[in-house]
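This report covers the pockets and one surface patch of a protein model. The sequence and structure are shown first.

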Amino acid sequence: MRSRRAGSALATLAAAYLIGAVPVAQIIARVKYGADLRRHGTGTVSAGALLAVSGAGAVVTAGALDVAKGMAGPLLARPGQHPALAAVAGGMTIIGHNWSPFLRGSGGRGFSPALGTLAVLAPEGAAVLLAGVAIGRAVARDSAIGALAAYAVLPIVLSRNRGRIGTVTATAVLAPMLAKRLAGNQRAHQARTYLWRLLFDRDQRRLP
């Protein structure tokens, strides 16, 4: 019985990873516009990056599907019965999105699937992420700074509202997002590049 449960859990995590790895934005860019998002801008494969080659409609479609990917992982794990497994499944979906085997390890930043995961497991967490981006854009004219602030607040909010499972959820969501933020899409040639990536989600300081 125990081995069967372990096998079922592993199958759930593997399925969540593969769902997350489906590069929705890249598929839309390839099929509709004949473009490879890895060759545009920062090389990020995400709904936001799709805007460089498409119209707003395609971006909304890709974003909605990426959010749905994030919801699929936890739902497969049946969060009402297995909340910790559901949190880890959400994290696996984000990992698949950020480092897709279908793109030889390229991918997005994980924001949209993170919203989907949190919408299922902790809706207040999704609100924190969205508020951080909105405030960062309004106050500092930089959504990346607002997102980083939201990442710092998220574990506090979820642990207070949901206890230990809230901490697990925040960790599962944030770990792959922060890892991708630091790793970027190419090798850093200077140590300070990692600082710029952490603070501003880019490889160099933006000139005024």
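Which helix gives the most to the lining of the second largest pocket?

## Second largest pocket

In this predicted model, helix α1, made up of residues 2-21, gives the most to that lining, with five residues. The lining of the second largest pocket consists of R4, R5, S8, A9, T12, L76, A77, R78, H82 and L85.

The space in the second largest pocket comes to about 180 Å³. By residue type, its lining has four nonpolar, three polar and three charged residues.

## Largest pocket

The volume of the largest pocket is about 990 Å³. Two or more lining residues come from each of α3 (47-50), α4 (56-76), α6 (111-121), α7 (123-140) and α8 (143-183). Helix α8 has the largest share of this lining, with six residues.

In total, 36 residues line the largest pocket, and those that lie nearest its centre are S46, G48, R109, S143 and D201. The lining of the largest pocket is made up of 15 nonpolar, twelve polar and nine charged residues.

## Nonpolar surface patch

On the surface, a nonpolar patch is formed by L18, V22, I27, V31 and F102. Together these residues have about 470 Å² of accessible area.

One of the patch residues, V31, is placed in helix α2, which covers residues 24-33. Is V31 buried or exposed? V31 counts as exposed because its relative accessibility is 71%, and the cut-off for exposed is over 50%.

Note on methods:
Residues numbered from 1 in each chain as written. Predicted model: local features only at pLDDT ≥ 70, side-chain atom pairs only at ≥ 80, totals over all residues. Heavy atoms only, no water. 1 Å grid on protein atoms, 1.4 Å probe; cavity = no way out; pocket = protein on both sides within 12 Å on 5 of 7 lines; lining within 4 Å. Points joined across faces, edges and corners; volume = space filled by probe spheres on them. Helix = DSSP H or I, 4+ residues; strand = E, 2+ residues; numbered from the N terminus. Nonpolar A, V, L, I, M, F, W, Y, C, P; charged D, E, K, R; others polar. Patch = residues over 30% accessible without salt bridge, like charges linked within 9 Å, V, L, I, M, F, W, Y side chains within 5 Å. Areas by Shrake-Rupley, 256 points an atom, 1.4 Å probe, with all protein chains shown as cover. Salt bridge = Lys/Arg side-chain N within 4 Å of Asp/Glu carboxyl O. Buried < 20%, exposed > 50% of the residue type's maximum accessible area, 1.4 Å probe, protein only.
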